[in-house]
Amino acid sequence: MTERESTEPSVFTRILRGEIPGEILLQTDDAFVLRDIAPKAPVHLLVVPRTDAYRDVTELAAGDPRLLAHLVEVARTAAAQAGLDSFRLIFNTGLGAGQTVFHVHGHVLGDPAGSLDEDSMTAGMPGEGRDS
Ligand code: 5GP
């Protein structure tokens, strides 16, 4: 069963509750930032709303655009704290795009030591663990 079909709390909710381990770097009243367990870039963070009411960014944009704007602001703050001047913010949307956790989240990807690979959707580690 995928997370899309499940009525169980998402993996991110379980981390937030302390039920499973996870490195939470930052919290606000409405959102939190996790370090991704399988990084695709030197810095790979996940920006997640506390609510799991929205499965993807299209639902969030329609249902609570202020919360989406807050996630973008939290992404900027977390990126700066991680030493990133620039970063890539990605919302995988749907199974076909590689979304695996259906609790909306943004990926913050970057490299404090260098610049991003323009040809890649990740930051210097294209394709790792996805299609090989
Ligand atoms: P998606 O594929 O849905 O866009 O992104 C889900 C992300 O969650 C993946 O990058 C994956 O590595 C990350 N992830 C899945 N399970 C865990 C976990 O238990 N802990 C952390 N920190 N990240 C996870």
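**Figure 1. Ala79 in helix α3.** Ala79 is found in helix α3 (residues 65-81). Helices here are DSSP runs of H or I with at least four residues, strands are E runs of at least two, and both are numbered from the N terminus. Ala79 is buried, with a relative accessible area of 0%. Buried means under 20% relative accessible area, exposed over 50%, and partly exposed in between (1.4 Å probe, protein chains only). Ala79 and Asp111 are 32 residues apart along the chain, and their C-alpha atoms are separated by 9.9 Å.

The model is predicted: local features need pLDDT of at least 70, side-chain atom pairs count only at pLDDT 80 or more, and totals for chains, interfaces and linings use all residues. Residues are numbered from 1 along each chain as its sequence is written, and side-chain values use heavy atoms, with hydrogens and water left out.

**Figure 2. The fold of the chain.** The chain holds three helices and five strands. From the N terminus on, the order of elements is α-β-β-β-α-α-β-β. The chain has 132 residues, and buried residues make up 37% of them.

**Figure 3. The shell around the ligand.** The shell has 16 residues, and Asp36, Asn92, Gly98, Thr100 and His107 come nearest. A residue counts as near if one of its heavy atoms lies within 4 Å of the molecule. Helix α1 (residues 11-16) gives the largest share of the shell, three residues. By class, the shell divides into seven nonpolar, six polar and three charged residues. Nonpolar covers Ala, Val, Leu, Ile, Met, Phe, Trp, Tyr, Cys and Pro; charged covers Asp, Glu, Lys and Arg; the others, Gly among them, are polar.

**Figure 4. Polar atoms at the ligand.** A polar side-chain atom of His107 lies 2.8 Å from an oxygen atom of the ligand. Asn92 also places a polar side-chain atom 2.9 Å from a ligand oxygen atom. At Arg35 the backbone takes part: one of its polar atoms is 2.9 Å from a nitrogen atom of the ligand. On its own the ligand has 520 Å² of accessible area, and the protein covers 87% of it. These areas come from the Shrake-Rupley method with a 1.4 Å probe.

**Figure 5. Asp56 in a loop.** Asp56 is found in the loop between β3 (43-49) and α2 (57-63). Is Asp56 buried or exposed? Asp56 is buried, at 10% relative accessible area. A polar atom of the Asp56 side chain lies 3.1 Å from the backbone nitrogen of Glu59.

Figure 6. Ile24 is found in strand β1 (residues 24-27). Ile24 is partly exposed, with a relative accessible area of 28%. Ten residues separate Ile24 from Leu34 in sequence, and the C-alpha to C-alpha distance is 4.5 Å. Leu16 belongs to helix α1. Leu16 is partly exposed too, at 26% relative accessible area. Leu16 and Leu34 are 18 residues apart along the chain, with 9.2 Å between their C-alpha atoms.

**Figure 7. Pro9 before the helix.** Pro9 lies in the segment before α1. Its relative accessible area is 27%, so Pro9 is partly exposed. Pro9 and Asp52 are 43 residues apart along the chain, and 8.0 Å separates their C-alpha atoms.

Conventions:
Polar contact = N/O pair within 3.5 Å; in protein donor to acceptor, adjacent residues only side chain to side chain.
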